[in-house]
Amino acid sequence: MMKRSSGLAALAIVSGSALLALSACSSSGGEGDGGAGSIPLGYTATLSGDFASYGLEMREGIDLAIEEINADGGVLDRELTIESIDDEGKPANGPVVAQELCDNAEIPAVLGFSFSSVALSGLPIYTQCGLPIVASAVTSPELSGASEIFFRTVFTDAYQGAEAAKFFSEHRDVSKIAVLYQQDDYGKGVADAFSEAFTEAGGEITSSQAYQLGTVNFGSTVESALQSGAEAVFIAGFYTEASKIVTQVRASGSEVPIFVSDGANSPLFTELAGGDAEGVELYAAFSASDTRPEAKAFVDAFTAKYDKEPSNWAALAYDATHVVADAIESAGSTDRAAVAEAIRGTDGFAGATGTIAFDDDGNRVGELTFQRVEDGKFVVITE
């Protein structure tokens, strides 16, 4: 899902003062120290600013997983802890965070990442120090095969866009769709994959329009999409703008079906769109309505801890944490190379988001779930 401008151009030389400033964001005492003999896992994501919700939701899943693992005896008879750094969603901070985590020789693996650009900018440093990553929310195809130490529990943009087009062309009586996408690598990547697959399936993209993050008034964009002859609208973007588009489509009097990407899979989407979100369909790796035993156990535990249902991002990070813990146990060591090799060998891992395995490029192998908003909740579509 999460991406801003990508590429490795953000690999700038960052001053020591910036490193010290970011170091101050690391958890200290309690979670960070964890006592003698603990195993610290690195965690970095955007934890402040407009898009902090994704990073904070991931952290909730991680904390629950660590609580469960430690209650069950820990890993290698040692407790897990978290060293957390707010990357602020800035690609220039990627190398700074990477160096700090690499320099902590006790850290055997890293979790997190809200934006692909941040992951990409820091990846050469993680690769150099051999520190494996299991990411939960970055979907850029540029990360596929970019490093032998990079893995992710989330699906790529290309896979998700193509699967969404396949689902809607096969299961919905729609042959003409208008596409709206946020103007960045995430939005364009999903929109391009969706449009290509939908067209190949015999459908027609009646219009394709980009919009800027932060846009509030979509009047002309919505009007153009609806007047293009579209029988449905597909939105590739985050919940902030997607919720506004949905509301403005409905305010225009149109009842066309609306499909959205996983960037809208957040409780904040239904909160912001209100009743207009009802009936909107989307895809994600996880739904709290999933009836599989692993999913239900996670939902029950998460709800008991936080008094709310888990989001897609909480579930993906929860699974990533368990995958890393399982890999450390399997390796019988916190040696980074051994842990990376054990992660690479993950196959058939029964997670809250489904069965997890990784292909040769470190990408998640598995299936998406397609969901519909019903009574303000994301419910798995079964028909």
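The legends below describe several close-up views of a predicted model.

**View 1. The disulfide between cysteine 102 and cysteine 129.** The structure holds one disulfide, and this link joins cysteine 102 to cysteine 129 with an S to S distance of 2.0 Å. Distant parts of the chain are brought together by the pair, since cysteine 102 belongs to helix H4 (residues 93-103) and cysteine 129 to helix H5 (residues 116-129), 27 residues apart. The link of cysteine 102 and cysteine 129 is left-handed, with -60° about the S-S bond. Cysteine 102 has a relative accessibility of 9% and therefore counts as buried, whereas cysteine 129, at 26% relative accessibility, counts as partly exposed.

View 2. Five strands form an open sheet in the order E2-E1-E3-E4-E5, with parallel pairing. Strand E2 (80-86) and strand E5 (150-152) are the edge strands, each pairing on one side only, and the twist from one strand to the next averages 25°. Within this sheet, strand E1 (residues 39-45) and strand E3 (residues 110-112) run parallel and are joined by three bridges, and threonine 44 stands opposite glycine 112 in E3. Helix H4 lies across E1, E2 and E3, and runs at about 155° to E2. Nine of the 11 residues of H4 are buried, so the helix is largely enclosed by the rest of the structure; the buried residues of H4 include Asn93, Gly94, Pro95, Val96 and Val97, as well as Ala98, Glu100, Leu101 and Cys102.

View 3. Strand E6 (residues 176-182) runs parallel to E8 and is joined to E8 by five bridges, with alanine 236 in E8 as the bridge partner of tyrosine 181. E8 also pairs with E9 in the parallel sense, over three bridges, and isoleucine 235 stands opposite valine 260 in E9. Together, E8, helix H9 (residues 239-251) and E9 make a right-handed β-α-β unit.

View 4. E9, helix H10 (residues 267-273) and E10 make a right-handed β-α-β unit. With strand E14 (residues 369-374), E10 pairs in the antiparallel sense over four bridges, where leucine 282 stands opposite glutamine 371 in E14. From strand E10 (residues 281-284), Glu281 and Tyr283 point one way and Leu282 and Ala284 the other way, and all are buried.

**View 5. The antiparallel sheet of E11, E12 and E13.** Three strands form an open sheet in the order E11-E12-E13, and the pairing is antiparallel. Strand E11 (349-351) and strand E13 (364-365) are the edge strands, each of them pairing on one side only. E11 and strand E12 (residues 354-358) pair in the antiparallel sense over three bridges, and the bridge partner of phenylalanine 349 is isoleucine 356 in E12.

**View 6. Helices H3 and H11, with tyrosine 306 at their contact.** Helix H3 (residues 52-71) and helix H11 (residues 293-306) pack at an angle of about 105°, with their axes 11 Å apart, which means that H3 is roughly perpendicular to H11. The contact is made by Glu60, Gly61, Asp63, Leu64, Glu67 and Glu68 of H3, together with Phe298, Ala301, Phe302, Lys305 and Tyr306 of H11. Tyrosine 306 is found in helix H11 and, at 22% relative accessibility, counts as partly exposed. Leaving aside its neighbours within four places in sequence, tyrosine 306 is in contact with Glu60, Asp63 and Leu64. The C-alpha atoms of tyrosine 306 and leucine 120 are separated by 32 Å, and these residues are 186 residues apart along the chain.

Terms used: Residues are numbered from 1 along each chain as its sequence is written. This is a predicted model: local features need pLDDT of at least 70, side-chain atom pairs count only at pLDDT 80 or more; totals for chains, interfaces and linings use all residues. Side-chain values use heavy atoms; hydrogens and water are left out. A disulfide is a pair of cysteine sulfur atoms within 2.5 Å. Helices (H or I, at least four residues) and strands (E, at least two) are DSSP runs, numbered from the N terminus. Buried means under 20% relative accessible area, exposed over 50%, partly exposed in between (1.4 Å probe, protein chains only). A crossover is right-handed if, with the strands pointing away from the viewer, the path from the first strand over the helix to the second runs clockwise. Two strands pair if DSSP finds at least two bridges between them. Axes are lines fitted to C-alpha atoms, for helices over the stretch in contact, and angles run from 0 to 180 degrees between N-to-C directions. Angles under 35 degrees count as roughly parallel, over 145 as roughly antiparallel, 65 to 115 as roughly perpendicular and the rest as oblique. Contact means heavy atoms within 4.5 Å.
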